[in-house]
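Me: I am new to this structure and would like to learn how to read its features step by step. Could you take me through it slowly?

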Amino acid sequence: MAKTLQEVLQHPVFHYFAEISNIPRESGNEQAISTYLLDFATQHGLEATRDEALNVIIRKPASAGYEALPTIILQGHMDMVCEKNQGTTHDFLTDSIQLRVVDDMLYATDTTLGADNGIAVAYMLALLADSTLKHPALEALVTTEEESTMGGAMHLDFSHLKGSILLNIDSEEEGRLLVSCAGGVTARQRLEIEWAEVDVQSKPLRLSVRGLQGGHSGAEIHKGRGNANKLLGRVLHGLQQEISYHIQHVQGGMKTNAIPREAEAILFIKDVEIDKAKQLVGQLQERFATELRASDPEVLMELTEVQVNGTRVFSSQTFGHLLASFMLTPNGAQTISQEIEGLVESSTNLGVVRTDETHIYLENEVRSSVASLKGAIVKQLEMLASLTDSELVTDSDYPEWAYRPESVIREICEQVYEKMNGEKPEITAVHAGLECGVFAEKNPDLDMISLGPNIYGAHTPQEHVEIDSVTRIWEYLVAILAATKESKRLV
């Protein structure tokens with residue numbers, strides 16, 4: 001029988017997850033959640049510190065018999081991706097995440113859930129609060145701005161940590177232990193707008209693309225899901241081949257690390273060509289529905305009349321540069337690993353397009369497990385910017401995490417998993433970025449592994465976490481910590 005939300009919250013992990021969900025914690029807005037973590041430490045008599053980047057470290061002494069073992073770092077990030085369904089009034093700066101249970105899944109209501117990575121924080125708090133568990137000395141490291149810039153991990157002074165082993169709890173598939181991840185960088189193209197006045201016989205219409213699934217721009221980039229920004233560019237180009245029109249505004253997506261689900265443009269079209277334009281949009285809608293029938297069967301394109309302020313539009317030169325940028329910006333998986341079957345090696349995601357009074361911005365998340373390939377994609381974007389009289393700037397550059405041939409913690413995690421489940425876990429890499437890459441650069445001797453429960457639809461309002469999987473991973477974490485005493489390589 002399905003559990004109620006009240007029943008689910010009786011488990012210590014979900015109890016703390018509910019408390020975290022009451023605190024707004026979008027990347028860059030982590031003051032309140034970091035203060036909550038410090039207050040938690042005080043209430044439980046634990047030592048805690050916070051740095052200028054709001055990273056929090058909470059320390060718990062070893063339980064009896066485990067004092068001689070090396071300190072273990074438990075790690076996750078306190079921030080979350082904040083996405084919501086169109087028309088939802090939720091304010092991520094002030095409102096709590098509204099939890100709901102559907103069958104064996106925990107969802108939010110019309111917003112991202114924040115299980116990525118609030119579940120890690122909840123695991124850590126439950127482990128820190130439980131005085132009955134057997135474990136070495138623990139350092140719970142909770143970082144900031146992982147979902148935007150990796151700023152917390154970048155700022156962290158690793159000399160403040162004693163641990164030589166790190167358990168990252170930021171994975172999203174039970175039974176898969178991650179031992180390597182991609183590096184990444186955000187590349188932002190800035191196209192200066194030259195304005196012109198529209199033909200007086202033209203009417204403003206909104207061209208919208210919506211109904212797409214979206215998803216994590218790393219972990220789900222291989223699934224062939226539609227990118228609303230790229231589709232918008234194709235529609236704009238298709239219309240331009242058949243009719244004359246002007247553009248006043250374009251926007252799409254909310255985060256570079258999320259595959260955009262919605263995009264729109266404000267067009268000015270002559271009265272005599274509006275019917276033809278709508279017919280063309282309908283034809284493109286059918287084409288995209290066929291192309292995306294397996295991944296995004298509900299894709300929808302509409303051209304509707306709208307009221308706007310002003311009649312300024314992009315000049316023909318700006319219009320041309322914008323269309324070229326839309327059409328030529330690389331998107332999706334770029335290279336596939338020849339060493340790990342099925343692993344995307346390099347990718348890019350046109351995650352955000354936005355317009356202000358002076359510029360159009362096209363913002364890309366570039367990822368690769370090979371640094372030179374990441375650099376090659378950025379060079380490609382630089383050349384495109386040069387051809388369109390744009391400027392390209394990069395930020396939030398973070399390194400990849402390379403596979404470690406010898407790993408004590410991997411050995412322990414494998415043995416415990418097989419003992420609990422009767423089969424070996426999958427040891428693999430992930431195309432998403434993890435803070436492990438930053439930590440490995442700061443401390444090359446750090447022995448790390450990443451794990452987590454089944455989380456689906458991360459970075460979208462459809463995000464949900466499997467309740468039973470969360471409880472199984474809780475038992476797994478407890479068993480891993482207890483098993484450290486049995487490892488001859490640690491004693």
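**Cavity, pocket and packed helices**

Reply: The lining of the largest cavity divides by class into 5 nonpolar, 2 polar and 2 charged residues, where Ala, Val, Leu, Ile, Met, Phe, Trp, Tyr, Cys and Pro count as nonpolar, Asp, Glu, Lys and Arg as charged, and the others, Gly among them, as polar. This is a predicted model, in which local features need pLDDT of at least 70 and side-chain atom pairs count only at pLDDT 80 or more, while totals for chains, interfaces and linings use all residues. Residues are numbered from 1 along each chain as its sequence is written, and side-chain values use heavy atoms, with hydrogens and water left out.

Me: Which residues line the largest cavity, and what volume does the largest cavity have?

Reply: On a 1 Å grid over the protein atoms alone, a cavity is a set of points where a 1.4 Å probe fits but cannot get out, a pocket is an open set with protein on both sides within 12 Å along at least five of seven lines, and lining residues have an atom within 4 Å of a point. Grid points are joined across faces, edges and corners, and a volume is the space filled by probe spheres set on the points. Here the largest cavity has a volume of about 40 Å³, and its lining consists of Ser 21, Ile 23, Pro 24, Arg 25, Met 80, His 90, Phe 92, Asp 95 and Ile 97.

Me: What is the volume of the largest pocket, and which strand gives the largest share of its lining?

Reply: The largest pocket has a volume of about 690 Å³, and of its 40 lining residues the closest to its centre are Glu 172, Ala 219, Glu 220, Val 430 and Ala 432. Strand S21 gives the largest share of that lining, 6 residues, and by class the lining has 14 nonpolar, 14 polar and 12 charged residues.

Me: At what angle do helix H2 and helix H4 pack?

Reply: Two packed helices are described by the angle between their axes and the distance between the axes. Helices (H or I, at least four residues) and strands (E, at least two) are DSSP runs, numbered from the N terminus; axes are lines fitted to C-alpha atoms, for helices over the stretch in contact, and angles run from 0 to 180 degrees between N-to-C directions. Helix H2 (residues 12-21) and helix H4 (residues 115-129) pack at about 125°, with their axes 8 Å apart. H2 and H4 are therefore oblique to each other, since angles under 35 degrees count as roughly parallel, over 145 as roughly antiparallel, 65 to 115 as roughly perpendicular and the rest as oblique.
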